[in-house]
Amino acid sequence: MGAITGQQFLDRLRHNPPTLYIDGARVTDPTTHPATRNMAHSLAGLYDLQHQPQWRDLLTFEESGQRYATSFMVPRTKEDLARIGEAHRVRANYALGFLGRAPDYMNANVMAAGTSAEYFSACSASVAGDEKRDFAANMRRYFEFVRDNDLCLTHALTNPQVNRAKQASEMPDPYIALGVVEETEEGVIVRGARMMATLPIADEILVFPSTVLKENADKSRYAMGFALPCNAPGLSFQCREPFDIGRDPEDHPLGSRFDEQDAFVIFDDVLVPWERVFLLYDVELANKAYAGTDAVLHMAYQVVNLKVAKTEAFLGTAQAIVNAIGSGQFQHVQSKVAEIIVILEIMKALEVAAVAGAQPNANGVMTPARGPLDAARNYYPAVYARLPELLQLLGASGIIMMPSKADREGPLGPQIQKYLQAGAASADERLKLFRLAWDMSMSSFGGRQSLYEKFFFGDPVRMHSALYEVYNKQPYVERIQAFLNQAAQPEGVAADD
């Protein structure tokens with residue numbers, strides 16, 4: 001099939017809906033349910049983007065006579081990597097960078113895992129040459145399956161937040177965390193739950209190993225990697241309260257269109273067919289899966305491009321506010337906008353550095369440099385909170401006093417037009433802009449974004465610790481030692497010269 005259209009995505013979602021529960025009821029058709037239909041149609045628009053003439057050659061590529069989404073492209077050169085990054089940014093711009101789990105994120109994951117599939121052959125439960133239990137072959141086939149059908153994936157990494165002081169096996173029920181119950185001829189039975197599946201309005205879920213598995217044994221029921229359709233028997237998604245509450249897009253410009261939803265995933269003795277299993281029982285392989293396949297780097301590369309687009313949206317909104325209300329001559333206003341510029345330029349520079357330092361891995365896949373990506377993964381969560389705060393400071397009371405579209409069309413419409421106009425914008429123009437700033441920074445949608453960015457790649461302390469462990473600091477230590485050990489004065493130079 002290759003790169004699909006939005007209508008094909010909607011048809012697939014309608015015919016094979018994920019098992020979603022929202023507000024105590026099953027969502028039978030995500031394309032029409034009030035809480036999910038707008039997001040479903042926004043995703044459809046994202047798929048349609050790759051068929052628009054101006055974007056087709058960037059967002060898709062041709063191979064063996066078929067066109068696929070560029071996010072599935074296996075980069076062999078730095079030029080390939082740069083093209084993939086540009087495609088990531090175009091897709092991100094569609095939602096101003098506010099779709100954290102757009103399909104190209106997981107596409108990067110399966111591309112990296114599929115091209116490094118031999119990593120999974122080291123698992124003791126894998127049987128080379130077996131049509132079902134050859135985990136490396138399973139991973140390669142799954143990458144091709146997702147690419148060929150342009151599937152939308154979600155994933156879930158972490159265990160339920162029950163008792164952080166105990167390991168999964170020490171919980172009141174050892175199957176609170178997702179674990180293997182038994183093996184059968186058809187596959188493995190799994191039971192438990194995983195958090196947190198963002199974008200459960202998807203075709204399939206990829207359950208990859210958590211990067212923080214703490215079980216001490218070499219063999220653990222909690223170490224696994226597999227994929228399933230989102231409507232597999234016994235699998236269900238319990239969604240949080242929706243942020244799309246049926247308001248007009250002019251009032252909720254982001255929340256009404258891009259609530260990608262979050263859910264915890266319940267596995268009630270779910271059968272995972274052997275051909276969908278990629279890893280089993282091996283704690284060491286599980287904990288190193290993302291690094292061992294370079295998936296973490298290709299996913300991080302998508303993320304950096306996404307955050308560039310998101311920061312550009314903050315800059316554009318901030319400057320539009322300044323232009324509208326005529327505050328640009330004040331130095332404190334200029335300083336606030338300059339803060340956003342600095343954040344943006346740092347993220348852009350890290351993206352460029354990731355490509356410039358890219359090297360082919362053992363499988364010939366051009367892989368972005370880890371140092372700049374790790375810097376971005378640690379930097380952006382630390383500074384993101386400042387972006388919505390800056391919008392609040394620039395907009396001030398204007399982000400609170402925002403009559404709705406219905407108000408503007410109601411009895412007091414003429415007064416609203418008179419009193420809420422701006423120096424360089426009509427009341428309608430001003431209120432649309434300030435509504436966007438509010439949805440980016442203060443609404444429930446914006447609040448969720450702020451928390452999401454703090455933990456996007458994991459706990460910030462663990463992220464810093466991981467960076468400390470993997471970053472090669474020795475050359476810089478040696479430079480300091482060499483400096484300290486050198487002669488106090490250059491040879492032949494007197495102290496009084």
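In which strand does M196 lie? In this predicted model, M196 belongs to strand β7. The peptide bond between M195 and M196 is cis, with an omega of about -5 degrees. Most peptide bonds are trans.

Strand β7 is part of an open sheet of 6 strands. The strand order is β2-β1-β10-β11-β7-β6, and the pairing is mixed. Two strands form the edges: β2 (25-27) and β6 (179-183). Each of these edge strands pairs on one side only. On average, neighbouring strands of the sheet are turned by 20 degrees against each other, direction ignored.

Strands of a sheet pair through backbone hydrogen bonds, either parallel or antiparallel. Strands β7 and β11 run antiparallel. Strand β7 spans residues 187-198, and strand β11 spans residues 262-273. They are joined by 9 bridges. V188 stands opposite V272 in β11.

Two residues stand out by their backbone angles. Most residues other than glycine have a negative phi. Q261 is not a glycine, yet its phi is positive, near 65 degrees. Q261 is found in the loop between β10 (235-239) and β11.

A396 lies in the loop between α12 (386-395) and α13 (405-408). The relative accessibility of A396 is 47%.

Definitions and conventions: Residues numbered from 1 in each chain as written. Predicted model: local features only at pLDDT ≥ 70, side-chain atom pairs only at ≥ 80, totals over all residues. Heavy atoms only, no water. Pairing = 2+ DSSP bridges. Helix = DSSP H or I, 4+ residues; strand = E, 2+ residues; numbered from the N terminus. Axes fitted to C-alpha atoms, helices over the stretch in contact; angles between N-to-C directions. Buried < 20%, exposed > 50% of the residue type's maximum accessible area, 1.4 Å probe, protein only.
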